[in-house]
Amino acid sequence: MEYQIRKLSYRDEDHIEQVCRLLNSSYDQDISRYFIYRDANYQAFLSNSLQGAQDLIYIVIDLDQHELMGFAQLKVLPDTLFLNNIIIKPEYRGNSIALLLLKFMVQETVSQQNYPETFSLDVFERNTPVVQWYLRLGMNITGHKYWYNLMDYYHGFPRAISSTNQIEIAQDENGFTQVFSSEVKIGTLMNGNALVVRSMPGPDVLNQLRRHFQNSLEAFGLITEQELDFPLIDKAFQMSMALKDLREN
């Protein structure tokens, strides 16, 4: 089997579309409904982001079948190289392609610019084989992110509190829909029916949301590093390692 690893360009419209399809098919519906990848604007956003230097995607192409085998998405941050995703199609797994892709991408990135000392990522706890793979690479668990389902809280909270404040909806510079109350951002709305927040909404805000969305919300998720008493969708491990150790692995 012959394959090629190369950087994805914003001009690669077919491969960008394939990357988006692979993103949307690689996670459980329970968790993926809260991902920005599900938003109808994500493909256009991805094309635009590839024109900058902060978001990098490397793809693996099967040269015999001329199809996408997988990809990895890396974000260059001031203090870390953060791996957003690395996904290999099931039929191509077991051939060390993920490791080769990861090391190729990191080497290419650090050879072209100053780079931080750490490599990091988040991985969901239920994805046990991948968690174990990262641990074998030498990564350490440094923290957790909890993904909670707030739908019961949304529907069941008492409606006695009133407010003159109104919910405002606006698109950000990337075309994603953001939700505000009194000019304070509450969260991001995907496809008009899935709201994701990163801090617990208070009673007043919650009632504003219910007045605005009524029964149109199909998913309401909270992402936080704080452990709370709400239904847990999944827990993500925050993992990191020294970048030089990954390069020498």
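Glu17 and Arg21 sit four residues apart, about one turn of the helix, and both belong to helix 1 (residues 13-25). The structure in which they are found is a predicted model, and the two side chains form a salt bridge whose closest N and O atoms are 3.3 Å apart. Side chains of opposite charge can pair when their charged atoms come close.

**Salt bridges**

- Glu17, the partner of Arg21, counts as partly exposed because its relative accessibility is 36%.
- Lys145 and Asp122 also meet through their side chains in a salt bridge, with a distance of 3.0 Å from N to O. Lys145 belongs to strand 6 (residues 140-149) and Asp122 to strand 5 (residues 118-124), so this pair ties together parts that are 23 residues apart in sequence.
- Both members of that pair count as partly exposed, Lys145 at 22% relative accessibility and Asp122 at 27%.
- Asp234 forms a salt bridge with Arg126, and here the closest N and O atoms are 3.0 Å apart. Because Asp234 lies in strand 12 (residues 232-242) while Arg126 lies in the loop between strand 5 and helix 5 (128-137), the pair ties together parts that are 108 residues apart in sequence.
- Asp234 has a relative accessibility of 6% and therefore counts as buried, whereas Arg126, at 39%, counts as partly exposed. Through salt bridges that share partners, Asp28, Arg126 and Asp234 are joined into one network.

**Nonpolar cores**

- The largest nonpolar core has 32 residues, and those with the most contacts inside it are Leu83, Leu102, Phe119 and Tyr134. Among the elements that give two or more residues to this core are strand 3 (67-76), strand 4 (81-88), helix 4 (97-110), helix 5 and helix 8 (243-248).
- Helix 4 supplies the largest share of this core, namely seven residues.
- When its neighbours within four places in sequence are left aside, Leu102 is in contact with Leu83, Ile86, Phe119, Trp133, Leu137 and Leu246.
- There is also a second, separate core, which has 30 residues and includes Tyr34, Leu50, Ile61 and Leu68.

- Which residues of helix 5 are buried? Val131, Tyr134 and Leu137 are buried there, and because they cover an arc of only 120 degrees around the axis, they are on the same side of helix 5.
- The elements that cover these buried residues include strand 4, helix 4, strand 5 and strand 12.
- On the face of helix 5 that is turned away from its buried side, one finds the exposed residues Pro129 and Arg136.
- Just after the end of helix 5 comes Gly138, which takes a positive phi of about 105 degrees.

**Pairing of strands**

- Strand 6 and strand 12 run antiparallel and are joined by eight bridges, and within this pairing Tyr146 has Lys235 in strand 12 as its bridge partner.
- Strand 6 also pairs with strand 11 (residues 219-224), again in the antiparallel sense, over four bridges. Trp147 stands opposite Ile223, a residue of strand 11.

Conventions: Residues numbered from 1 in each chain as written. Predicted model: local features only at pLDDT ≥ 70, side-chain atom pairs only at ≥ 80, totals over all residues. Heavy atoms only, no water. Salt bridge = Lys/Arg side-chain N within 4 Å of Asp/Glu carboxyl O. Buried < 20%, exposed > 50% of the residue type's maximum accessible area, 1.4 Å probe, protein only. Core = buried A, V, L, I, M, F, W, Y, C linked by side-chain atoms within 4.5 Å. Contact = heavy atoms within 4.5 Å. Arc of directions from axis to C-beta. Pairing = 2+ DSSP bridges.
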